[in-house]
Amino acid sequence: MTDIPSGSVARTTMDMVRGSLSRRHRKQFILQALGITAISLAFLMLFILLASLISTGHKAFTQTEITLEVFIDPEEISAERLPRGNFDDVLAAALAADLPSVDPNDRAAMRVVGGILSNGAQFQLRDRVVADPSLIGQTIALSVPVSDPYDQLRKGLLDRETPESLRRLDDTQIAFYDRLIEIGAITSSLNTGLLTNADSRFPELAGLKGAIMGSFWALLTCFLISFPLGIGAAIYLEEFAPKNKLSDFIEVNINNLAAVPSVVFGLLALAVFIGWFGMPRSAPLVGGMTLALMTMPTIIIATRAALKAVPPSIREAALGVGASKQQVVFGHVVPLAMPGILTGTIIGLAQALGETAPLLLIGMNAFITSAPATPFDSATALPTQIFIWADSPERGFVSRTSAAILVLLSFLIMMNAIATYLRSKFERKW
Amino acid sequence: MDDLRAVNRDVGTNATKISARGVQVHYGDTHAIKDVEVDIKERSVTSFIGPSGCGKSTFLRCINRMNDTIDICRVEGDIRIDGDDIYDRTIDPVQLRARVGMVFQKPNPFPKSIYDNVAYGPKIHGLARSRADMDEIVEQSLRRGAIWDEVKDRLHAPGTGLSGGQQQRLCIARAVATDPEVLLMDEPCSALDPIATSQVEELIDTLREKYTVVIVTHSMQQAARVSQKTAFFHLGSLVEYGDTDEIFANPKDSRTESYISGRIG
């Protein structure tokens, strides 16, 4: 208004409109600028998160290995004593052959040499010999992971400039490593163990198989419980229940349930499922049941919204030709609401996949070195595995924690992509 | 407005199909229909006219008990079809709606194929014994809906892909597929363009050979063109009911006269 001179006479309507125009444009401009800023900030945060995860996590996707010519000495390993045998001595001897500076009879030095290899190397060799005892007496080529400090050294995470007393590898060990590099024995390969091994105390052996299987069983249980119950409850509440005080009360409480902190569900599960029902601790079955408690309200709310979104004209059309209420609901409304229901369910499951607190309370953060074969076996889940690794002191677990987060995130992105795909594929135009 | 001549008024001898006595409808605290009494003749077209909110649609929806689906709606009084009280406890609304078909304001085909749209009613009521039976019913219904020639080559295309007028005729075909006695139409042409409207109006005129048609309309010309009897509703009451040409030529009630001459509405 101020840009119109106060002395002007006979201000027409157009003048007044014009006067307010610049103010209105300015308001719109500010609103848009704020919106763009908000989105940019959100993207920046996301970028920082992903960048930091990838920059630390990518190192865990490769694994330093050493290739050895192993002579399986019949004096150390005999077919009769399998699966027992001095596999570690055989490996150390094979390594010593590559390191001329080491005296094979110096036990202390040989221990240091053996320490280059991962603790899992001897089991890898044992498994091969047990599978084929005729190997005894022969020389075989074997690729085994190196132990964590050497892995760190190759990845540049162990600084050679650090004073020797503070380093995890002393000068002799580094000399061994350099010698092995020189003869080309040390290579780096894709770390498939990250997905195919279960947890381990040794970072170079630790993998996510147990956690992935644990999460799989827990989510399957969660889905099997929460999907039918959630949809059933939603259909009843939305389509059949009388609208009265009781159904209002139930509705309010379901919405409240969706907002209950997850740790509370964990305590509930600990008290009821494990305490009263005596179900096994750390089992994905119990984890899934706990997650189902949390997923159910999400599914109920999403299903009700999807049912509500089906246009009343479709219900009227079906009622008009004489369909019963049940035929209207199951023949028309539910199929049309299905994309919305599935999207809600998948998003609910994705939340459940990332849920940590309730699983900690029911013991799914135990140290378990084998993948669960059934939902009744003890297991960890992906988020609790991240929690365990983040808590571990070994340097190797730092990058593995980031890698595990990346694995979890990629599962989440996959689930959300499926939800988006389903929504766009089955979306109907009215 | 010069087309208020009515067509073939030959309903004098027809028997009463639907008779309503003392019908009251309450929506919560609102008294939507006040003491309506009307006798609707068999095999004729009866139109309900009146200003918005006068209760004509509400009354129409009493005839197939569609108001039952609204929780706060209460219907009192007596509506009989062929002498049967349709609000009797022994009458199942599902059965009633097979007998009284309905066409809605906005074309609302199911998001299924044209064939499935028409076959749905007969299927749920178990009217077809075989696949061939069903094909027969679907073809006959589509012919009655005057849309067969347009869709016979694409029966399995989605019904929602048709034009508005075609969709509405498909909905009429769907309504007649259960072989009802009465067809209720709630402003069936209000969402259609003039050409589609005239096609549907022609269709309504042919439907009266077989069905008792009750149509709610905002257009007085339409009432004059398609109906033999007209009922004028105002503020929930049935003000005047009679032969369409009588109502339009010399209305007895001053409110009817005001409405048809354009002073209220």
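Lys210(B) and Asp179(B) join their side chains in a salt bridge with an N to O distance of 3.5 Å, a salt bridge being a side-chain nitrogen of Lys or Arg within 4 Å of a carboxyl oxygen of Asp or Glu. The pair links distant parts of the chain, 31 residues apart, with Lys210(B) in the loop between helix H7 (194–207) and strand E8 (212–216) of chain B and Asp179(B) in the loop between helix H6 (164–176) and strand E7 (182–186) of chain B; helices (H or I, at least four residues) and strands (E, at least two) are DSSP runs numbered from the N terminus.

This is a predicted model, in which local features need pLDDT of at least 70 and side-chain atom pairs count only at pLDDT 80 or more, while totals for chains, interfaces and linings use all residues. Residues are numbered from 1 along each chain as its sequence is written, chains are lettered from A and ligands numbered from 1 in the order in which they are written, and side-chain values use heavy atoms, with hydrogens and water left out.

**Salt bridges**

- Over all chains, the count comes to 30 salt bridges.
- Lys210(B), at 36% relative accessibility, counts as partly exposed, and Asp179(B), at 47%, is likewise partly exposed; buried means under 20% relative accessible area, exposed over 50%, and partly exposed in between (1.4 Å probe, protein chains only).
- Asp39(B) and Arg21(B) form a salt bridge at 2.9 Å, N to O, which links distant parts of the chain, since Asp39(B) lies in strand E2 (residues 30–41) of chain B and Arg21(B) in strand E1 (residues 16–27) of chain B, 18 residues apart.
- Asp39(B) counts as partly exposed at 24% relative accessibility, and Arg21(B) counts as partly exposed at 34%.
- Asp82(B) and Arg99(B) meet through their side chains in a salt bridge of 3.6 Å, N to O.
- Because Asp82(B) lies in the loop between strand E4 (73–81) and strand E5 (84–85) of chain B and Arg99(B) in helix H2 (residues 93–99) of chain B, this pair ties together parts that are 17 residues apart in sequence.
- Asp82(B) is partly exposed, with 39% relative accessibility.
- A network of salt bridges links Asp82(B) and Arg99(B) with Lys17(B), Glu42(B), Asp84(B) and Glu181(B).

**Contact between chain A and chain B**

- The contact, meaning heavy atoms within 4.5 Å, takes 18 residues from chain A and 22 residues from chain B.
- The two chains bury about 1600 Å² between them, 61% of it on carbon and sulfur atoms, where buried area is the accessible area (1.4 Å probe) that two parts lose on being put together, summed over both.
- Glu316(A), Leu319(A) and Val321(A) supply 34% of the area that chain A buries against chain B, more than any other three residues.
- Between chain A and chain B the count is one salt bridge, and Arg61(B) forms a salt bridge with Glu316(A), in which the closest N and O atoms are 2.9 Å apart.
- The elements giving two or more residues to the side of chain A that touches chain B are helix H12 (312–320) and helix H13 (325–354) of chain A, and H12(A) gives the most to that side, with seven residues.

**Domains of chain A**

- Chain A is divided into domain 1 (6–59), domain 2 (61–196) and domain 3 (209–426), with bounds that come from an automatic or database domain assignment.
- The centres of domain 2 and domain 3 of chain A, taken over C-alpha atoms, are separated by 45 Å, and the contact takes ten residues from domain 2 and ten residues from domain 3.
- Between domain 2 and domain 3 of chain A, the buried area is about 820 Å², of which carbon and sulfur atoms give 57%.
- In domain 2 of chain A, Phe61(A), Leu194(A) and Leu195(A) lose the most area to domain 3 of chain A, together 49% of what that side buries.
- The count between domain 2 and domain 3 of chain A is zero salt bridges.

**Cysteines**

- The structure holds zero disulfides over all chains, a disulfide being a pair of cysteine sulfur atoms within 2.5 Å.
- Cys54(B) is in no disulfide, and the nearest cysteine sulfur, that of Cys62(B), is 13 Å away; Cys54(B) counts as buried at 1% relative accessibility.
- Cys62(B) is also in no disulfide, the nearest cysteine sulfur, that of Cys73(B), being 6.3 Å away, and Cys62(B) is buried, with a relative accessible area of 0%.
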